[in-house]
Amino acid sequence: MQVIKVTPRGYCYGVVDAIEMAKRLAKSDNVRRPIYILGMVVHNQHVVDMLHAEYGIITLDGADRLELLKQVPDGSTVLFTAHGISPEVRAAAMERDLDCYDATCPDVTRTHDLVRELCAAGYHIIYIGRAGHPEAAGILGEAPDRIHLVQREEDLLRLKDKLPPGVAIAVTTQTTMSQWDTQELIDKIKAMYPGVLVKNEICLATQERQEAVVAAAAQADVVIVVGDRRSHNSTRLVEVVRRRAGKPAYLVDGVEEITPEMLAGCRVAAVTSGSSTPTYLTRQVISYLEQYGEENG
Ligand code: SF4
């Protein structure tokens, strides 16, 4: 099968830095043990397993980071993930006898700074993001009364009572959203609240990966996205292909999840991966597809 290797794909700089920070801590003699991570350092189980097996780092998995923090014993080390952390969790960790390290991606930190500034200036913020995602939880935690999570149009209708005309409103976004879906929502918000201040925070890595895969999909019969089901940016890549390019797209954790049904009748496959997907997994998928067809087709 002909394979289009979409670029850019795979690890972004925020993910690389977070994984490197975890490894550096594990190699240092000056860091107290055990080392815990509050949530998955990046949303890929292979990375979590590697950090445990090779570096002894313990990942505490769960949606509520304040609850996870309670599982960390005094005298140990805790690492905050690339997705960022709410001020409440950060403060609770700092109050304890813990060594705290922060792998928050600078692009997420920028959104935290932005929402703090906007709230201080008197704005209510409509935040386009995904409920339950750690990045969204961290941002909402900056000002739970003033930041309003919106996932879809119905959520906007519910906001009408909370945010009557005349209230200063800004809109911003989670870094890993689909830029097209977000724009549709922003247009609706602008219609509801003329004069709303728009600060799109979708990061460059996310935008570039989405644009590249949509362009490649035009030349392909099928798109395979390599990534973890919990990786928001990976699931968005599948969605933008389906919605923007109108082509079939599948998310696979690795080569073993590719099925003949996904490839039936296809001559050209485009392959990309989420920004938290290790390179070797994508390489395996590419070489499998390059050989596919010689014996199957
Ligand atoms: S996807 Fe964007 S915000 Fe998230 S870690 Fe990568 S660069 Fe940072």
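Two strands are taken to pair if DSSP finds at least two bridges between them. Helices (H or I, at least four residues) and strands (E, at least two) are DSSP runs, numbered from the N terminus. In these terms, β7, β6, β8 and β9 form, in that order, an open sheet of four strands with parallel pairing. Its edge strands are β7 (147–150) and β9 (197–199), each of which pairs on one side only. On average, and with direction ignored, neighbouring strands of this sheet are turned by 20 degrees against each other; axes are lines fitted to C-alpha atoms, for helices over the stretch in contact, and angles run from 0 to 180 degrees between N-to-C directions.

The structure is a predicted model, in which local features need pLDDT of at least 70 and side-chain atom pairs count only at pLDDT 80 or more, whereas totals for chains, interfaces and linings use all residues. Residues are numbered from 1 along each chain as its sequence is written.

Within the sheet described above, strand β6 (residues 124–128) is joined to β7 by four bridges, and the two strands run parallel. Ile126 has His148 as its bridge partner in β7. Helix α5 lies across β6, β7, β8 (169–173) and β9, and runs at about 175 degrees to β8; residues are in contact if their C-beta atoms, placed from the backbone, lie within 7 Å.

A further open sheet of four strands has the order β3-β2-β4-β5, with parallel pairing. The edge strands here are β3 and β5 (99–102), each pairing on one side only. Neighbouring strands of this sheet are turned by 25 degrees against each other on average, direction ignored. Helix α1 packs on the sheet and touches β2, β4 (77–80) and β5, its direction making about 170 degrees with that of β4.

The bridges of this sheet can be followed strand by strand. Three bridges join β2 (residues 35–38) to β3 in parallel, and Ile37 stands opposite Thr59 in β3. β2 is also joined to β4, by four bridges and again in the parallel sense; here Tyr36 stands opposite Val78. β4 and β5 pair in parallel over four bridges, with Tyr101 in β5 as the bridge partner of Leu79. From β4, Thr77 and Leu79 point one way and Val78 and Phe80 the other way, and all are buried. A residue counts as buried if 20 or more other C-beta atoms lie within 10 Å of its own, as exposed if 12 or fewer do, and as partly exposed in between, with C-beta atoms placed from the backbone.

Gly62 is found in the loop between β3 (58–60) and α3 (65–70). Gly62 counts as exposed because it has 10 C-beta neighbours inside 10 Å. When residues up to four places away in sequence are not counted, Gly62 touches Glu67 and Leu68. The C-alpha atoms of Gly62 and Leu118 are separated by 30 Å, the two residues being 56 apart along the chain.

Two cis peptide bonds may be described next. The bond from Thr7 to Pro8 is cis, with omega near -5 degrees, and Pro8 is found in the loop between β1 (2–5) and α1. The bond from Arg33 to Pro34 is likewise cis, with omega near -10 degrees, and Pro34 has its place in the loop between α1 and β2.

The domain assignment, which is automatic or taken from a database, gives domain 1 (2–10 + 205–291), domain 2 (13–104) and domain 3 (107–199). The centres of domain 1 and domain 3, taken over C-alpha atoms, are 30 Å apart. Nine residues of domain 1 are in contact with eight residues of domain 3. On the domain 1 side, the elements giving two or more residues are α9 and α10 (232–245), and α10 gives the most, with six residues. The residues of this side divide into one nonpolar, five polar and three charged; Ala, Val, Leu, Ile, Met, Phe, Trp, Tyr, Cys and Pro count as nonpolar, Asp, Glu, Lys and Arg as charged, and the others, Gly among them, as polar.

The ligand is surrounded by 15 residues, of which the closest are Cys12, Gly14, Cys105, Thr175 and Cys203; a residue is near a molecule if its C-beta atom, placed from the backbone, lies within 6 Å of it. Helices α1 (13–27), α5 (106–120) and α9 (204–217) each supply at least two residues of this shell. α1 gives the most, with three residues. By class, the shell has eight nonpolar, six polar and one charged residues.

Key: Two residues are in contact if their C-beta atoms, placed from the backbone, lie within 7 Å.
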